[in-house]
Amino acid sequence: MKNILVVGAGGQIGIELIPHLQKLYGEDHVIAADIKDEMCEKLKSMAITEQFDALDVKAYSQVVKKYQIDSIYNLVALLSATGEKNPQLAWQVNIGALLNSLELAKEYSCALFTPSSIGAFGLDTPHQNTPQDTIMRPGTIYGVCKVTGELLSDYYYARFGVDTRSVRFPGIISNGALPGGGTTDYAVEIFYEAIKNKHFTCPLPADSYLDMLYMPDALNACTQLMEADPAKLKHRNSFNVTAMSFCPADLYADIKKRMPEFTMDYQINPIMKEIAASWPDSMDDSCARQEWGWNPVWDRQMMVDDMLRAISAKMSAL
């Protein structure tokens, strides 16, 4: 049985990836790690937990050795909108954690998953049915880090034989942990505001189309790719994955059908607007489908129903 370390486990993906991995590999084989006190306290109720800074390679190495780790999920990142506020910190955190993960994966023969993002694309990228292999000239430090990460991961695979794999996540919608400073966060926040206040002020223009993925599909993308036959992988870092593409006006209409009293207005965030405009409207994920059987389950209507149900239940329990 594999021993798996999830670094940056307290974020939006990690909080839900931990129980997903536990179901597949067993509770004693999944180690959660984060740097923040409050995140680690939350994680301790879910899994074996270690607290360390992923930029501290010595502390990171001690945990990999302690648990004889076979696979690392490196989820450490400052997201797009947050990164623009402090580009130097974004580079330091995103690339520093990745380099340490790559070096430790090389030293201890671990497989390594590090998610990339639609943020790796830019204004010059084809925005409709964005190809797997295309021009990548991002206009954000987050995107620059993601392109760098893809190239570094491919380099460590080609040069040192490190089993690196990743997907380019679109916006991820979930009812677990709140997102933390991404451009697509509105697609989560809108549900909380609809249920709590019956009103949402959207930071993106009504017609900003972006790819999205519901969390259960995102989790399956991680583990399906990591379990895929390496002989079939022509691409490794990184695969386009998506399930749906919509704009704020579409999502508002979907919620209003179910909640007629719901209203929405717009207060455009210029940085988020610029970032969203540089990202694909829709991605071609045929390579992921062909090479490792990617096949998302959740569509937009199913997602909207489930989000409203889950968040209503969460609010009622408070």
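This report covers helix packing, nonpolar cores and a few backbone details of one predicted model.

Residues are numbered from 1 along each chain as its sequence is written. Because the model is predicted, local features need pLDDT of at least 70 and side-chain atom pairs count only at pLDDT 80 or more, while totals for chains, interfaces and linings use all residues; side-chain values use heavy atoms, without hydrogens and water.

**Helix pairs**

Two packed helices are described by the angle between their axes and the distance between the axes. Here axes are lines fitted to C-alpha atoms, for helices over the stretch in contact, and angles run from 0 to 180 degrees between N-to-C directions. Helices (H or I, at least four residues) and strands (E, at least two) are DSSP runs, numbered from the N terminus.

| Helix pair | Crossing angle | Axis distance |
|---|---|---|
| α3 and α5 | roughly 40° | within 10 Å |
| α1 and α8 | roughly 55° | within 10 Å |
| α5 and α6 | about 15° | 10 Å |

Angles under 35 degrees count as roughly parallel, over 145 as roughly antiparallel, 65 to 115 as roughly perpendicular and the rest as oblique. A crossing is right-handed if the near helix is turned clockwise from the far one by less than a right angle, and left-handed if anticlockwise. Contact means heavy atoms within 4.5 Å. For the residue classes, Ala, Val, Leu, Ile, Met, Phe, Trp, Tyr, Cys and Pro count as nonpolar, Asp, Glu, Lys and Arg as charged, and the others, Gly among them, as polar.

Take α3 and α5 to start. The axes of α3 (residues 57–66) and α5 (residues 87–108) cross at roughly 40°, which means α3 is oblique to α5. Their crossing is right-handed. On the α3 side, the contact uses Val57, Tyr60, Ser61, Val64 and Lys65. Their partners in α5 are Ala97, Asn100, Ser101, Leu104 and Tyr108. The contact of α3 with α5 holds six nonpolar, three polar and one charged residues.

Helix α5 also packs on α6 (141–160). These two helices are roughly parallel to each other, and their crossing is right-handed. From α5 come residues including Pro87, Trp91, Ile95, Leu99 and Lys106. From α6 come residues including Ile141, Val144, Thr148, Leu152 and Phe160. The contact of α5 with α6 divides into 14 nonpolar, four polar and two charged residues.

The axes of α1 and α8 cross at roughly 55°, so these helices are oblique to each other. This crossing is right-handed. Contact residues of α1 include Ile13, Leu17, His20 and Leu24. Those of α8 include Met215, Leu219, Cys222 and Glu227. By class, the contact of α1 with α8 has eight nonpolar, four polar and two charged residues.

**A closer look at α3**

Buried means under 20% relative accessible area, exposed over 50%, and partly exposed in between (1.4 Å probe, protein chains only). The buried residues of α3 are Ala59, Tyr60, Ser61, Val63 and Val64. They pack against β1, β3 (48–51), β4 (71–74) and α5. Just after α3, Gln68 takes a positive phi of about 50°.

Gln88 lies in α5 and is exposed, with a relative accessible area of 70%. Gln88 and Tyr60 are 28 residues apart in sequence and 22 Å apart in space, C-alpha to C-alpha.

**Nonpolar cores**

A nonpolar core is a set of buried Ala, Val, Leu, Ile, Met, Phe, Trp, Tyr and Cys residues joined through side-chain atoms within 4.5 Å. The largest has 36 residues. Those with the most contacts inside it are Val6, Leu17, Tyr73, Phe169 and Trp292. Elements that give two or more residues to this core include β1 (4–7), α1 (12–25), β8 (167–169) and α11 (286–292). Helix α8 gives the most, with seven residues.

Leaving aside its neighbours within four places in sequence, Phe169 is in contact with residues including Ile13, Phe113, Pro115, Leu213, Ala218, Cys222 and Val241. A second, separate core of 35 residues includes Ala187, Ile255, Met264 and Ala276.

**Positive phi in loops**

Ser109 is not a glycine, yet has a positive phi of about 55°. Ser109 lies in the loop between α5 and β5 and is exposed, with a relative accessible area of 66%.

Asn129, also a residue other than glycine, has a positive phi near 55°. Asn129 sits in the loop between β6 (116–117) and α6. Asn129 is partly exposed, with a relative accessible area of 48%.
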